[in-house]
Structure formats: C-alpha cells, structure tokens
Amino acid sequence: MKMLIQRVSSASVTVENVKVGAIKQGFLILLGVSQEDTKELADKMVQKMLKLRIFSDENGKTNLSLKDVGGSLLLVSQFTLYADCKKGNRPSFTQAGKPDWAEELYQYILAVCRKEVEKVESGVFGAEMKVELLNDGPFTILLDSAELF
C-alpha cells in the first residue's frame, strides 16, 4: 500500500465538471493499493498517517499532527502509484490491486478515517478525476507499507 500525503492549505477533486470533494487545511492523500494489501495493513497505515507530525507549532517546528490542527482529509484512489517503469517507456501496472479488491480496501480506509477525523472527503473510485491542490510547504511524504512494516 502506498499513501502519497500532501500537506495542503486546500484541495478538491472534480468528476465530470462536478466538485465531489473539497477540504481546507489538511492532507490530500493519493492511495495506491496492491493485491497483497490487507485490512490489517490498512489500519496500520491509517494510524501512521494520522500520527505524522508535519504541521507547524507556534515555534515553526513540525510538531503537530492532523488532529492537533483540526485538519481534514481528501482521499483519492491512485493505482498509478504502482507504476513499474523498469522496462521500456510504457509503465506497467501489474503490481496494482485488482479493481474489486482495491475499491473494497479504499472504501474500508475511508470508513476508518471517518471514525478518526471530523471531515473526510473522497474522489470517485475508478473515475477520471481532476485534482487541485495548494500544497503547503511544499510538504509531500510517501508512506510505502513495503518499507514501513
């Protein structure tokens, strides 16, 4: 599982010219799921993400978590995080989870996040989406379960 986390001042996602999700301060998370991922792993990843202290405190130090600042989440499915570009110039996506499993895990993660964070918005799984963001920092972190657990 991969979570590309961007600390944002604002972010939104649009599908077919309709804004389906928008947040102010918080995290825009692009989520990639592999076929080997589990709900138990998803729980660990969500907890790691929620505990990241990447917001500035009163001294300008990154000591505050998403909850500490009352931030929101915008979660967008992104199978292309599993692009394999080793051979040739056209990426392969064979490491990405099959759509049925990836959507089930995406919905599970949304539900877990909604228990922890007051405002959680989302994209539409499998849809062609337009994502806009104002990256704050810029501050971007890649959490990869293969490297963490």
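Mentor: The model is a predicted one. N17 is exposed, with a relative accessible area of 79%.

Trainee: What makes N17 count as exposed?

Mentor: Exposed means over 50% relative accessible area. N17 has 79%, and is therefore classed as exposed. N17 lies in the loop between strand 1 and strand 2, and its phi is near 65°, a positive value in a residue other than glycine.

Trainee: How do you know that E16 is exposed?

Mentor: The relative accessible area of E16 is 73%, and the cut-off for exposed is over 50%, so E16 is exposed. E16 is also found in the loop between strand 1 and strand 2 (18–23). Its phi is positive, about 50°, although E16 is not a glycine.

Trainee: How does the span of helix 1 compare with the expected value?

Mentor: Helix 1, residues 39–51, has 13 residues. The expected span is 1.5 Å times one less than that number of residues, which gives 18 Å for helix 1. From first C-alpha to last, helix 1 reaches 18 Å, close to what is expected.

Trainee: Which residues of helix 1 are called buried, and why are they said to be on the same side?

Mentor: Buried means under 20% relative accessible area, and in helix 1 the residues so classed are L41, A42, M45, V46, M49 and L50. They cover an arc of only 165° around the axis, so they are on the same side of helix 1. In an α-helix there are 3.6 residues a turn, so residues three or four places apart point the same way. On the other side of helix 1, E40 and K51 are exposed.

Trainee: What covers the buried residues of helix 1?

Mentor: The cover includes strand 1 (2–15), strand 3, strand 6, helix 2, strand 8 and helix 3 (145–148).

Trainee: Which residues lie closest to the centre of the largest pocket, and how many line it?

Mentor: The largest pocket holds about 370 Å³ of space. Its lining has 20 residues, and the closest to the centre are S77, Q78, F79, T80 and G126. Strand 3 (26–32), strand 6 (72–77), helix 2 (99–116) and strand 8 (129–144) each give two or more residues to the lining; helix 2 gives the most, with three. By class, the lining divides into twelve nonpolar, six polar and two charged residues.

Trainee: What makes the peptide bond from G137 to P138 cis or trans?

Mentor: Omega for this bond is near -5°, and the bond is cis. P138 lies in strand 8.

How values were computed. Residues numbered from 1 in each chain as written. Predicted model: local features only at pLDDT ≥ 70, side-chain atom pairs only at ≥ 80, totals over all residues. Heavy atoms only, no water. 1 Å grid on protein atoms, 1.4 Å probe; cavity = no way out; pocket = protein on both sides within 12 Å on 5 of 7 lines; lining within 4 Å. Points joined across faces, edges and corners; volume = space filled by probe spheres on them. Helix = DSSP H or I, 4+ residues; strand = E, 2+ residues; numbered from the N terminus. Nonpolar A, V, L, I, M, F, W, Y, C, P; charged D, E, K, R; others polar. Buried < 20%, exposed > 50% of the residue type's maximum accessible area, 1.4 Å probe, protein only. Arc of directions from axis to C-beta. Contact = heavy atoms within 4.5 Å.
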